[in-house]
Amino acid sequence: MMAPTVSVLEDESFAALRAQLLGAAADLAPDAQHLSALLAGLSDDVARVLGEPLQIFPVAHHSPSCAVQLIRRLQRFAPKVIFIEACEDLQALLPELASCVPPVAMQAFAGESEAFPPRWLPLSLVMPMTPFSAEYQAICYGLANPEVELVFVDRSSDHVFQWSPNQESSPTGPSGPADDDENARLHGGALGVELGSLVPTFPVFLESLLEHSRASTFSEWWSVYVDEPTIGADYNTWRQVMVLVGALIRRLGSRAEHVEGDRLRERFMWTRMKDHLVAKGISPKDAMYICGAAHAASDVPEWGTGRLGQPDDPRWDIPARTNTPWQYGFIPSSYSAIERQFGLARGSISVAEQSWEKALKAFNLKAMPLPKAAKAAKGEAAEGAEVEAPKPKAKTKKAAAPPPEEVTTEGGASSVLSRPPSLQAEDHEQLLQWCTGVVAKARENHYMASTADAIAIYQTSLLLARMRGRLHPSPFDFADAAETCLDKGDPTMRRSVRHLCGMVMGGDRVGKVGYSTLPPLVRDVYDRLAPVGVIPGKSTVTRALMDLRKEGPKLLPVSDLLWRLRALLPSSDAVRPVMGERRLGVPRVQESWDIKLHGPALRDLIELAYEGITVEQVLERRLRERAFAPSATAATVLGLAEDALLFAERDRLSEELGERAVELLRLELSAANARELFERVRRLVHHLRARPEGMPRWLGDFVATGYQHYASLLPQSFADRGTSPEQLAGMLAFVFSLESLALSLGCQRSQVIIAVRQAAPLTTDPGKLGLLWAAEWTLELKRGDEVRAEFNALMDNPMSLSALPGALGSLLLALSFTPLVSALAAELLSRAFMELPEALLLPWLPGLLDSLRPVAGTILPALMREVVQSTPRSLAELDAWTPPWEAARPAPTPGPTGRAPKTDARTPEELATFGLLRAAPAATEAWAAALGLDGGWAEVNDDTSASASDEAPEAQDPATAAIQALLSGHPAAVSAWAARLSP
């Protein structure tokens, strides 16, 4: 039977507290009207909640006090239905909770949606639960008692995102700081929902609360001033305190937009509860409503069951859900992940767990038992342990013990809020254990800690407790003292002192999801990876060493699955190849993998399972979605077709994607992806052509379409300055490298010839001249000496010298599609390095190297071969070496000594003039005498002079012959000079 409810209006203790507060307000302020109204409103909120026939059970998230009070209450009162403030669409997961080990989190996941902005996707929502949270204890009670109905009444996951206040950015993501601990990242980027969120959102109120209570965080304030004092109070007093605190935070500690969001949720929940009570014919007195303390006393019109079943009973028209396809499941959680998700202080969940265990022991209570399925789940979660079925034993029925009598707290709420907690007696032994334990942990983590530090931490904890008005140091006082005494400011320590304190006070806990609760895809992955030692529940990394030559039939399917998982989860640590590769045409011999299917990696795999039943189905689905997306390009789709051959190993899928790539290629109007297309097509052609069935039809269509398409774009691309030389080189590489295949498929080379001829007069960009001339040379529209003459003209003309770097750089890019220009490119590059001024050469080099980087594997080998062939191979050959650009000059005549003269850097015209003057010294000497100069001939190389003077007429070079022809053609000038110079 339901225990009698004591009305707050008749509770003298609460009336005394109210009178005390109002009296204090009148003494402190001249006009306490507003404060009096606030305190009266808080008192009225408590009165309404305690007077409501539907038993409202106010809670805070992961509060051990609330869990203890719920166990006590359910021992004395058996409701027919328990309403829980949780997303209503998560209720379908309740039967599967029995196979999980908390902490775990219920998850709602949507990978695609037309109703929400694309930048929000994927949508993910989690509701974590711990063993000492009130909702978890209520769920265990409901699962163990089938006659008790559990109903989730809060807004659905879809409504959570519909009512998101910020429509500009995604509402997902933890609110706590980033953490390097992988257990803290178990929830990923999911949006967290919690039952009983009481953290104030109004900064001024929060700062004032923490300042006056001498607390550093709200978690500390709640633990010290609410949880610990009320954990041993009677039920009625505890409800008064919880409703009072919740109403205070609702009225003063929350922003207006958060209060409005709470009102929508309250209207939703009260409408759902009323509908259920009427439909099931349940009296409000036989129901319990577990909600956050801030939602207990609401001002929405739907609040209360006083007019239940009457025509004027207000109900809210609940908005419809969107058509978003939601998937549901469980993911493992941890204390650190919960703290990070909701911005709680580090170690606060561990502190709550200690309070929970202490209270159960002090009050001789037992947590709500798990159903039998949960005990089996613990066996499943064991690391490879095979649990034998226990033999049935004869059990003697014991009479159920009567529920303990509830002792009324003396003084009520006023006494609870003004005296120290009943369970917080001074415990020197526990504090000493903490102090010595944290020093030991500090030594293990390379802190300079000693026994003296343990004593200092103990004394500092006592000092901080007295300074903060506490009779005994709290866990937060101990953590502050340890940080003060141990933290020496060394940033190299991997673990902070607060992290070590959390480990000493209980450490982190990581939950497990039972095998039977996992989605079908995850179970299939576990089954298929069993040959390499991967088992459910294993919390360590599995190193899989596979010799595919010896055990190919057994391990090849495992290798295929691992590569598919790697392709689907590239940024996850679920599977990581240590040795081995997967490429087209490359046989697999040996592989080594690190497999870690726990923690965040297991969450990634579970989210992947929401997309399909098997890994192959998800892979095929993703490939198709990306191929037919509006933003898909021919290059991306061709890459997907390659992935289909590599990972999916399905010709039908690759053919479908290849045809899609051909279709997109016809629609492209630029050469932005030409280089990538060429590389992929060449790789696919080389691989597929070698198969017994030959090259598929779609690949031939792609090559023919690309040849014709790029040939038609050549004139426009040469003229368009928006097309870079690298993109143009990619087009020409596609055309010329795949030309033989394209011609065999029916294409015409005349189309390319016409396009290049049309592009010649349109090309004004110096950076494309080398590509144009190389294309003309390849098509035999120009000869090699004509291309060399074009570059010589640029180098010899000072006005066009600035265009040389661009033209030479584009000629180097032409090496990717024709080997004809390799010798000329090496020659011109060497000459440019020697003759170009530094003001032009130095700024050009960084851009040249950057442009050649993507094609370095194709260009550099050919270029280096030409350089090696044109340079001396020994030191003895260096003296007689002639640079390539000097090869056309006449070779020097050997001197009398029989050795070749030294190479002269003068031009042929200068050498011819010097030889003429040396052969007729009288003219030069006469000029010197006429000008009054005392000069003499400088010492010169006799070999050079001899070779110039003794040169036979028939051996004269063109320059010397030109000078003689000039003098012979103008004899009058020569005769005049002779008469002028004769004495």
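**Aromatic pairs, core and strand pairing in a predicted model**

The structure holds 19 aromatic pairs, where rings of Phe, Tyr and Trp (its six-membered ring) pair if their centres lie within 6.5 Å, and planes under 30 degrees apart count as stacked, over 60 as edge-to-face and the rest as tilted. One of them, formed by Phe109 and Tyr610, is tilted, with 5.3 Å centre to centre and 35° between the planes. This pair links distant parts of the chain, 501 residues apart: Phe109 belongs to strand β3 (residues 104–110), and Tyr610 to the loop between α21 (600–609) and α22 (615–627). Helices (H or I, at least four residues) and strands (E, at least two) are DSSP runs, numbered from the N terminus. Phe109 and Tyr610 are buried, a term that means under 20% relative accessible area, with exposed over 50% and partly exposed in between (1.4 Å probe, protein chains only).

Trp773 and Phe791 form an edge-to-face pair, at 5.0 Å centre to centre and 85° between the planes. Trp773 lies in helix α30 (residues 769–778) and Phe791 in helix α31 (residues 784–796), so the pair ties together parts that are 18 residues apart in sequence. Both Trp773 and Phe791 are buried. One aromatic cluster is made up of Phe116, Trp120, Phe161 and Trp326.

The model is predicted: local features need pLDDT of at least 70 and side-chain atom pairs count only at pLDDT 80 or more, while totals for chains, interfaces and linings use all residues. Residues are numbered from 1 along each chain as its sequence is written, and side-chain values use heavy atoms, with hydrogens and water left out.

The chain has 983 residues, of which 49% count as buried, and its secondary structure comes to 40 helices and 11 strands. Beyond its neighbours within four places in sequence, Leu529 is in contact (heavy atoms within 4.5 Å) with Val534, Val558, Leu561, Leu562, Ile595 and Leu597.

Strand β5 (residues 149–154) is largely enclosed by the rest of the structure, because 5 of its 6 residues are buried. Strand β2 (residues 81–87) runs parallel to β5 and is joined to it by 5 bridges; two strands pair if DSSP finds at least two bridges between them. Ile82 stands opposite Leu150 in β5.
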